[in-house]
Amino acid sequence: MAIFPLSSNFEGDFVIQLVVVDDASTMDEVAAACAVHSVNRRVAPRPGKVMRVRRHSTGEVFPRDLQVKAAGLMPTETVDVIFSDI
């Protein structure tokens, strides 16, 4: 396990946050770590929605159980966290 910095562009937020996660974290865990800095601060919660992580540069939505180290992300790369129905 190793720390891994990512830039979080959370849907509905106007601030991009630097968030440190573990390289063994799943995308669900990344979304939760990013939400701490945005939801209930500048972004309203969206009950019934699932937070998903996608690559900012391509729009590729990552599987929820994919680990950071397997995603091919670079340190400080920007990811979008979006609200989804699935």
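Let me start with how strands and pairs are called here: two strands pair if DSSP finds at least two bridges between them. Helices (H or I, at least four residues) and strands (E, at least two) are DSSP runs, numbered from the N terminus. In that scheme, Asn9 has Ile16 as its bridge partner in S2.

Before going on, the ground rules. This is a predicted model, where local features need pLDDT of at least 70 and side-chain atom pairs count only at pLDDT 80 or more, while totals for chains, interfaces and linings use all residues. Residues are numbered from 1 along each chain as its sequence is written, and side-chain values use heavy atoms, with hydrogens and water left out.

Okay, the sheet. What is the strand order? It goes S2-S1-S4-S3, an open sheet of four strands with mixed pairing. Strands S2 (16-22) and S3 (50-55) are the edges; each has a single partner strand, so one side of each is left without a neighbour in the sheet. On average, neighbouring strands are turned by 40 degrees against each other, direction ignored. For angles like that one, axes are lines fitted to C-alpha atoms, for helices over the stretch in contact, and angles run from 0 to 180 degrees between N-to-C directions.

As a reminder, strands of a sheet pair through backbone hydrogen bonds, either parallel or antiparallel. We have both here. S1 and S2 are antiparallel, with seven bridges. Their hairpin has five residues between the strands, and in it Gly12 takes a positive phi near 90 degrees. If you want a place to look, Ser7 has Thr78 as its bridge partner in S4.

H1 (residues 27-38) lies across S1, S2, S3 and S4, and runs at about 105 degrees to S3. How far apart are its end C-alpha atoms? They are 17 Å apart, and at 1.5 Å a residue the 12 residues should span 16 Å, which agrees. The expected span there is 1.5 Å times one less than the number of residues.

Which residues of H1 are buried? Met27, Val30, Ala31, Cys34, Ala35 and Ser38. Buried means under 20% relative accessible area, exposed means over 50%, and partly exposed is in between, with a 1.4 Å probe and protein chains only. Looking down the axis of H1, those buried residues fall within an arc of 135 degrees, so they line one face of the helix. That arc is taken from the directions from the helix axis to the C-beta atoms. As for what covers them, the cover includes S1, S2, S3, helix H2 (68-71) and S4.

Two of these are worth a click. Ala31 counts as buried at 1% relative accessibility. Leaving aside neighbours within four places in sequence, Ala31 is in contact (heavy atoms within 4.5 Å) with Phe10, Met51, Val53 and Val81. Ala31 and Phe10 are 21 residues apart along the chain, and their C-alpha atoms are separated by 8.9 Å. Then there's Ser38, also buried, with a relative accessible area of 1%. Not counting residues up to four places away in sequence, Ser38 touches Phe10, Asp13 and Val43.

On to the core. A nonpolar core is a set of buried Ala, Val, Leu, Ile, Met, Phe, Trp, Tyr and Cys residues joined through side-chain atoms within 4.5 Å. The largest one here has 20 residues, and those with the most contacts inside it are Phe10, Val21, Met27, Val30, Val53 and Leu73. S1, S2, H1, H2 and S4 each supply at least two residues of it, and the largest share, five residues, comes from H1. Leu73, leaving aside neighbours within four places in sequence, is in contact with Phe4, Leu6, Met27, Arg55, Phe62 and Val79.

Over in H2 sits Val68, buried with a relative accessible area of 2%. Val68 and Asp22 are 46 residues apart in sequence and 7.6 Å apart in space, C-alpha to C-alpha.

Last stop, the loops. Asn40, in the loop between H1 and S3, has a positive phi of about 70 degrees although it is not a glycine. Asn40 counts as exposed, at 63% relative accessibility. Thr76, in the loop between H2 and S4, also has a positive phi of about 70 degrees without being a glycine. Is Thr76 buried or partly exposed? Partly exposed, with a relative accessible area of 45%.
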